[in-house]
Amino acid sequence: MQKQPSPTIPQHVAIIMDGNGRWARSRMLPRTAGHKQGVSSAKKAIEYCSAKGVKALTLFAFSSENWKRPESEVSTLMELFMSALKREARHMAANNIKLRVVGDISRFPESLQATIAETQALTEGATGLRLQIAANYGGRADILQATKKLAKKALNGAVDIETIDEELFGRELYVGDLPDPDLFIRTGGETRISNFLLWQLAYTELYFTEVLWPAFGSENMDDAFEVFANRASLVLGIGFLETPWLALGLAFLFFIGSWEWAALTGVVGLYRRATYAGSVALLMMVLYFAPQWRLGGLFFSLATLCWLGILLFESAYEQSDDSAPRWQMVLRVTGFLLLPAAWLAMVELHRQHPSFLLFLLAISAAADSFAYFAGKRFGRTKLAPELSPGKSREGVLGGLAGVFLITLLFIVYMNMPLDRAIPFVLLCLLCGLVSVVGDLFESLMKREAGVKDSGWIIPGHGGILDRFDSHIAVAPVFVVGLQWIAGATGTIGVNTLDVISRNKDRFRVEALTANQNWQKLHQQCKEWRPRFAVLADETYAPALQKALVDSGLDDVQVLAGSAGLEHVASLPSVDQVMAGIVGAAGLLPTLAAARAGKRVLLANKEALVMSGSLFKQAIKTHGAELLPIDSEHNAIFQCLPFPHEGCLPQLGVERILLTGSGGPFRTVPVETLAKVTPEQACAHPNWVMGRKISVDSASMMNKGLEFIEACYLFGTTPSAIEIVVHPESIVHSMVSYEDGSVLAQMGNPDMRTPIAHAMAWPDRMQAGVEPLDFYSLSGLHFERPDPQRFPCLDLAQRAFSEGGSASAVLNAANEIAVQSFLDGEIPFTGIPETISNALDHRTQAEADSLEEILRADEESRMLSRRYIENTYKPLWKKVSGPDQTEYAIAAIPLGGYVKMLDEREADVPVAEQNRAFNRKP
C-alpha cells in the first residue's frame, strides 16, 4: 500500500541559508569556515527532508548578487560547491535523490559546469527527493527569462497570447515543473525573501528564525515543520492536538472551570463570562501551538511561584466586608496564569507517559480522601477556620500519609532507583501540601463570592472547580519538580567536579561545557571560575552570557557549537580533557584533544566505536595519552600490566571478561519486551545515568559498544573478549591469565572511582567513594547473556567483524532508534530491528578518513529515520476489544514481508536466525 503524504508535512520546502559569515565572525574564524559548516548543515537538511517524505527541497546557495563579494570568497564558494557535488553525487544516487541546479550557470568555471552536468546525469533516474540548488539565481531574473521565453513563443506563433495565464507562465520558470513551496525557511534573523522564488512564494507559509545557518540542525527543522503543521491543522480543521481526545476533554472541562472562575471573581453577565472563558481557552491554544516560544516552561514556573504567594496570602487571610472588590481583579488575572498552566501541565504529563497523569490524579485524590478520613476521625486542631472550618491539621497529615503510600506503590511499579526515588517522594509530599493550598484557595474564592459551590454542573458535588481545585495547583508544580529531578541526576561532568573538589590542590578547571543546560553551567561557573564556558547548543549562549555578566563573571568567555568545544579541547593551557559528550557529537572535540596531545579521559564510547583506527593513530602521532573512564574498561586497565597495548598474549593474557549488569530487563519474559516503556528502560537497578545510556544498558548495546571499544583500546581480537552478565555490578571487569589467575577490579558502583583513577594515574587520590563492605554482600552472580533477549550484542560483534564504516553505522542507527523509543515512536524491540536494517543497507563501506566516517554516520541516520517512518508509523491505528487488540494499516517497506503471529514452531540456532523466517523482525 502506498503511503499517502501527510497534510501536515510540507511537500516542497524552500530555504535561504543565511548567516554563514556571522557564524564564523562570532567565533573569530574566517568566513570560509562558516561556508564549510554551512555545507554540513545543508547535508543535514537534505537528509531530514528525505526522511520526512518531503517531495522537493530548494536551497538558495548562490544568488546573482553574490558576485559582488570579494573574489577570494567567491572562489571559495565555487570550490566548496564543486567538492560537495563530487563527494555527494554517488551518495545522492544511492539514496534516490534527484539533483538539479537552477539558475544561470554560464558564469561558473567550466570545470564546475561539467561537474554539475555529471551529477545531474548520475541522479537523473532517481524518484525520491527532488533537490534543487539555486545557483546564480535571482527571482526577478527568473521572471524576466520566463517572460522572454513566452514572448518568443508568441512571436513565433507557438503560443496564442490570449492563452497565456498564470499556469502557463509558471511552467516557464526554472522550477516550473514543481508545485509551489508549501514552506519557506530563512535563517539568520532577516525577515524578507531577498529575490528568491518571487513568483512561487505567493501563498507559501513563511518561517523566519534568528538561528544562523551553520547552527541550523534537525531540532530547528522540527520547529519549522511543527509551525507549518500547526498552521495546516488549523486550516484543515483536523487533529490539532497530539493526544486529541484527552486534551480536548480537558480543554472542555477547563473552559467550564474558567466560566466558574469568572463568576467567583465578580464577572457579571453571560457575554462577559463567555469572553473570559474564551480568552483562557485561546491562551491554552497559544501555549500548545507555540512550543518554539518556550512559553510552557515559563508558565509552569510562574504558576509554581504564584501558588507560593497564595500560600503566604492564605496564612494571613482575614475576611472583611470590602475585601471582595479589592481582590476580584487580582483573582481574574491570576486565572489567566493558573488555569492554562494546569491544563498544559496535564497534557504534557500525558504526552510523556499516561502513567504520570494517572499518578498525578491519584495523589490528588489520595490527599483529599485520606485527609477527609483523618480529619473526621482524629481532627482536633483547625487548619484555617477563616477559609474552611472543616479542615484540620490532623487531616493534612492524613492526606500526606495517603500521598506517601501511593508514591511508594508507584516507585515499585516504575522500578525507580533509590537516588531518584528519594527526591521523587519529597516532590510528591510537596504536591500533597500544594493540593491543600489549592483546595483552600477555592474555598477562599467561594467565601469572598458568598457562595457554597463554584457551580452546579455536577449535581450534589458543586462545579468543576470543586472537583479540580487541587489538580489545578498540583499539576504545574509536579511538572517543574520532575524537570528538576531529571536535571539533578549524576553525570560524568558533575562527578568529575566532585572529585576535583576533594583534590583542589592538584587541579584547576580551565573550561566547562554543557549541551543546553545553561542554568547549571552558570552555577558551576560561579563555583569554579573557569576561563571558558561552552554550550554545544548555540541557542542558549546569549542567556548564559547575560547570566554571567549579571553575576559579575564577565571574565568567563562564552563559546558555542562544535567549534567552541574543539577550541577548548585543544587549549595550550589544558592538560586533561574529560571526554564525556554522549553520542557522535563527542567525536570531533575528542579527536581535537587527541591531536593537541592531551591526556584524554575517555568516557565517550562513540569516539572509538566510530573512528577506532583513526582515533588511535591520532593519539600515537601527536603523543597524547588515552585513559578509559567507562567503569569496565577502567577496570580492565587496572588489571593489566602497563604497557600492554597490542601485546596481551606475550603478557600471558588469555581473555578479557567484560561484565555488564543486564539492565532492568534481565529477567522479564522476552515476549513482553515489545511493551516496556521508556521509564522502565531508564530505571537501571544499579547505576544513575542519562536516558540514552540507560536505554543502551537495557538493550545491552552499551556492552556491544564497549566490546568494540575494548578491541581498539587494548589492541586485542574479538575472540579474546567475553561478555559476562553480572547483576550486582560489584565486579566491574576481569582479566584471565594463562596460569589460571583471574584478576578482578571490584568496588561500589560509583563513577567517581574510575574518574579519580584516570585523573591521578599512575598515582591514586581521594574520590569520596565508600570502600566495598564484603560482609554485607549477599552473593555475586555471573551468567551468559541471552542472545534472544539482547540481540544488540550480536549486531555489535557483526559490525566490528565487517569493519570499515559498519561500527559508525551501528552507532548512528542506535542513536536514532533509542531517541525514537524514548519519544514513543517505536517499541523497545524496534531498536535492534532499526540497527539491523541500517547495517544491511549501508552503501558507504570505507572509513579511512574523518569525512568518510561522518558520511557513513549521516547515511545511517537517514536510513534509520526512513525505516522508522515506513515501518512504525501506520496510516491508521485503533486499539479495540477487551484484550486491547491493535489494528493498523501501514506501508510495507520495499522488499518487506509479513510477519505471522505465533509462527515460532521450533527453536532456531543463533547462527541461523538471520535467515529464519519465523525470527524475522
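Helices (H or I, at least four residues) and strands (E, at least two) are DSSP runs, numbered from the N terminus.

**Figure 1. Overview of the predicted chain.** This is a predicted model, in which local features need pLDDT of at least 70 and side-chain atom pairs count only at pLDDT 80 or more, while totals for chains, interfaces and linings use all residues. Residues are numbered from 1 along each chain as its sequence is written, and side-chain values use heavy atoms, with hydrogens and water left out. The chain has 30 helices and 20 strands. Of its 921 residues, 51% are buried (under 20% relative accessible area; exposed is over 50%, partly exposed in between; 1.4 Å probe, protein chains only). Contact means heavy atoms within 4.5 Å. Among contacts between residues at least 6 apart in sequence, 71% join residues at least 24 apart.

**Figure 2. Packing of helix 27 against helix 29.** Helix 27 (residues 791–802) and helix 29 (residues 830–841) pack at an angle of about 20°, and their axes are 9 Å apart. Axes are lines fitted to C-alpha atoms, for helices over the stretch in contact, and angles run from 0 to 180 degrees between N-to-C directions. The angle makes helix 27 roughly parallel to helix 29 (under 35 degrees; over 145 is roughly antiparallel, 65 to 115 roughly perpendicular and the rest oblique). Their crossing is left-handed, meaning that the near helix is turned anticlockwise from the far one by less than a right angle; clockwise is right-handed. Helix 27 contributes Pro791, Cys792, Leu795, Arg798 and Ala799 to the contact, and helix 29 contributes Ile831, Pro832, Ile835, Ser836, Leu839 and Asp840. By class, these residues are eight nonpolar, one polar and two charged (Ala, Val, Leu, Ile, Met, Phe, Trp, Tyr, Cys and Pro count as nonpolar, Asp, Glu, Lys and Arg as charged, and the others, Gly among them, as polar).

**Figure 3. Packing of helix 16 against helix 26.** Helix 16 (residues 492–501) packs on helix 26 at an angle of about 60°, with the axes 9 Å apart. Helix 16 is therefore oblique to helix 26, and the crossing is right-handed. On the helix 16 side are Ile492, Asn495, Thr496, Asp498, Val499 and Ile500, which meet Arg752, Ile755, Ala756 and Met759 of helix 26. Six nonpolar, two polar and two charged residues form this contact.

Figure 4. Of the 17 residues, 16 are buried, so helix 28 is largely enclosed by the rest of the structure.

**Figure 5. Surroundings of isoleucine 363.** Isoleucine 363 belongs to helix 12 (residues 354–378) and is buried, at 3% relative accessibility. Leaving aside neighbours within four places in sequence, isoleucine 363 contacts Val403, Ile406, Thr407, Cys431 and Val474. Cysteine 431 is 68 residues away from isoleucine 363 in sequence, with 8.1 Å between their C-alpha atoms.

Figure 6. Tryptophan 761 and proline 762 are joined by a cis peptide bond, with omega about 10°; proline 762 lies in the loop between helix 26 (752–760) and helix 27. Asparagine 136, in strand 4 (residues 130–137), is not a glycine but has a positive phi of about 50°. Asparagine 136 is buried, with a relative accessible area of 8%. Leucine 197 also has a positive phi, near 50°, and lies in the loop between strand 5 (183–186) and strand 6 (205–208). Leucine 197 is buried at 2% relative accessibility.
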